[in-house]
Every structure is written in structure tokens, then in C-alpha cells.
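Here is a walk through one protein model, element by element. Keep the structure open beside the text.

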Amino acid sequence: MAITVVGSVAYDTIETPAGKRERCLGGAATYFSLSASYFTDVRVIAVVGEDFGKRQEAVFQARNIDTRGIEHTAGKSFFWEGSYLENLNEAKTHITDLNVFASFNPKIPDVYRDSEFLFLANIDPVLQRRVREQMPDVKLVAGDTMNYWIKDHRPALLEVLKGLDILLINDTETKMIAGNNNLVQAARAVMALGPKVLVVKHGEYGATLFHGAGAFRAPAMPLEEVVDPTGAGDSFAGGFFGYLASQPEQSPAAFRRAMFYGSVMGSFACERFGTERMQKLTRPEIDERFNIFRELTHLD
Ligand code: AMP
């Protein structure tokens, strides 16, 4: 099974209580694909500038991620600067430079066309929709977004939501889209806009899956030190969707386990700056942490 993902591939400057890093490799599609690569084949669609070189490419290659859909063009790669000095659960954005993404027209390589799973990672909803329209036959489509797009690109975002099976966003984004401060009411309102399943991430407090009239909650790993939460949401999504794609059937039980794998991957992402931890995991390490999650929540 293969997932095609479109989203930002970026350079990030990040400040957290643990320190500051300048221009490390980041981006929603980067974190997502590294995380999902521990579960299934991943193919990326994105655009990068002249500042993206062999060293960055090697990060994807080391995880066997297909980068034939990453277009290289003149200009600078997407750049994001943010900090988590007051609240580790939510980034404060200082700079968003779309750069080469501002004029990106995504093309799907022919070799990606048999992907059964599509993930629309965080990027301009206009681009998410263009990719969705070029892949009408996928079996399952999931997506993400953030306050930057919710605030000023609402009509385009609403079009994307109509075409999603699963939406993964955080509490604040859920409430922002719905214009409602009660999480459950907001979740129902967001689902009425399209997604059949909504996964709401609560940072260090875990994540809740809403479906039909029901809900399922997965915890987060109690970590003694959160070094850098950047990419935790995308890594959660990579674990969640990667695990689902690896299963013969996307049954309710598979969705529940996927929530735990999402939490596992999100927790690893926080342990080091940037993508460092996501690059060097092993499947036994992942499964060991999955078992810790089992124990965390087991009653008898
Ligand atoms: P998260 O998982 O929410 O922490 O995502 C962090 C990643 O999102 C960073 O690596 C950023 O490069 C990327 N990012 C930040 N703002 C945007 C945006 N407006 N559109 C797409 N990606 C973004």
C-alpha cells in the first residue's frame, strides 16, 4: 500500500525552552512522510528551491520515501519561524514565507497514480484541492490544516473539507473552523462540513477521534522533557494514516490502534529538535512504545 502526500517541505527556525535552531529541515509533508515511512510506502508532492540540496534529499532517501514528485525550482524553499516559549502545546508563528510554494502548480508523477491513500498535509488549500482532483480514485483521503489557512483562506478550505474522509486538526483549529468554543459541538459542526471522521489533537493531553455519534480518546505519552513540539501533529498524522494504510481493512479496531500509533509517533517527534528523532527510529522501538501506551490505559 502506498500513501501520496502533498504539503510543505520547508526550513524551520524554532525556539523552545530547550533552545533555538536555525533553518532545520521541516515542513508538514516532511514530518508526515518520515513518520508514515515506518508503516508503509510514501510518495511526496511538494516544491523546493535552490537551497534544498543533496543533504536534505538524503533524509528522505534514507527512509525510502519517493521524492520524484518534489519539484526543484528557482527561488527559496518555504520558510517558517515559530516559538513555543509560553505554551508548548501551540506554536506562536513569527514568519511564514511561502516562497516557491506561492506559484506552485502540483503535478502528479505517473508512478504515484496507483496510490490508494492520499494525505493532504498542511499547505494552501487551493493546492490541496488541486492534488485531490488529480487523484479521484484513491480509497481514503485524510488531511490537515492550520490557523494560517483557516483565517484567510476559508472558502478554499471549505472546498477541501468536502472531499475528505478524515480530518486531523487540533482543538483550537476545530473551534476556529466551527466558530464554537465547545469542543464536542465544534467537532460535530466540522464533520457536517465533509469529513466522516475527525481526529482532534490535544497536544500533551492526547487526541480524540470523533465518528458518527461516537468518540474514542488516546492519551499522549507523559514526557519528562518536551524538547521541540514542531512536527508532532504531522508525525501523529503519519503514524495514524501510515498504520491505517498498512492494514488489510480499515476497521473500527484498526482506527483505534491507529490513534495509538499516532500518539506514539507524535511523542517521539517531541524528543529532539526538528526531524532528528523521526529520522532514526526503528519499528521495534515504535512497538515498544505502543505497548507502554497499552499499559497506560489498561484497566484490569
Ligand atoms: P506541526 O505538526 O503542526 O507542528 O507542523 C509543523 C510544520 O508545519 C513545520 O515544519 C512548518 O514548516 C510547517 N508549517 C508552518 N506553517 C505552515 C503553513 N502555513 N503551511 C504549511 N506548513 C506550515
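Begin with α9, which is mostly covered: 14 of its 18 residues are buried. This is a predicted model, and every value below is computed from it. The length of α9 can be checked against helix geometry. Its 18 residues should span 26 Å at 1.5 Å a residue, and the end C-alpha atoms are 26 Å apart, so the two agree.

What packs against α9? The buried residues of α11 do, with α9 taking in residues 252-269. Ile286, Arg289, Phe290 and Phe293 are the buried residues to look for in α11. Looking down the axis of α11, these buried residues fall within an arc of 110 degrees, so they line one face of the helix. Now turn to the other side of α11. There Pro284, Glu288 and Glu295 are exposed.

Pro219 belongs in this part of the tour. Its place is in the loop between β13 and α8, the latter spanning 232-246. Is Pro219 buried or exposed? Its relative accessibility is 19%, so Pro219 counts as buried; the cut-off for buried is under 20%. Leaving aside residues up to four places away in sequence, Pro219 touches Gly206, Phe260, Ser263, Phe293, Leu296 and Thr297. Phe293 is also one of the buried residues of α11. For a sense of scale, take Tyr31. Pro219 and Tyr31 are 188 residues apart along the chain, and their C-alpha atoms are separated by 21 Å.

Step back to strand β13, residues 214-218, where Gly214 lies. Gly214 counts as partly exposed because its relative accessibility is 22%. Its contacts, not counting residues up to four places away in sequence, are Arg188 and Leu209. A second distance can be read from here. Gly214 and His298 are 84 residues apart in sequence and 20 Å apart in space, C-alpha to C-alpha.

Next comes helix α7, residues 183-191, which holds Ala186. Ala186 has a relative accessible area of 0%, so it is buried. Which residues does Ala186 touch, not counting those up to four places away in sequence? They are Thr174, Lys175, Ala178 and Asn180. Tyr148 is elsewhere: Ala186 and Tyr148 are 38 residues apart in sequence and 19 Å apart in space, C-alpha to C-alpha.

Now for empty space. Rolling a probe the size of a water molecule over the atoms shows where such space is left. The second largest pocket has a volume of about 240 Å³. Its lining has 13 residues, and Cys24, Leu25, Arg55, Gln56 and Gln279 lie nearest its centre. By class, the lining of the second largest pocket has five nonpolar, four polar and four charged residues.

Finish with the backbone. Arg23 lies in strand β3. It is not a glycine, yet its phi is positive, at about 45 degrees. Arg23 is partly exposed, with a relative accessible area of 39%. Asn64 also has a positive phi in a residue other than glycine, near 60 degrees. Where does Asn64 lie? Its place is the loop between α2 and β5, the strand at 66-72. Asn64 has a relative accessible area of 70%, so it is exposed.

Conventions
Residues numbered from 1 in each chain as written. Predicted model: local features only at pLDDT ≥ 70, side-chain atom pairs only at ≥ 80, totals over all residues. Heavy atoms only, no water. Buried < 20%, exposed > 50% of the residue type's maximum accessible area, 1.4 Å probe, protein only. Helix = DSSP H or I, 4+ residues; strand = E, 2+ residues; numbered from the N terminus. Arc of directions from axis to C-beta. Contact = heavy atoms within 4.5 Å. 1 Å grid on protein atoms, 1.4 Å probe; cavity = no way out; pocket = protein on both sides within 12 Å on 5 of 7 lines; lining within 4 Å. Points joined across faces, edges and corners; volume = space filled by probe spheres on them. Nonpolar A, V, L, I, M, F, W, Y, C, P; charged D, E, K, R; others polar. Expected span 1.5 Å × (residues − 1).
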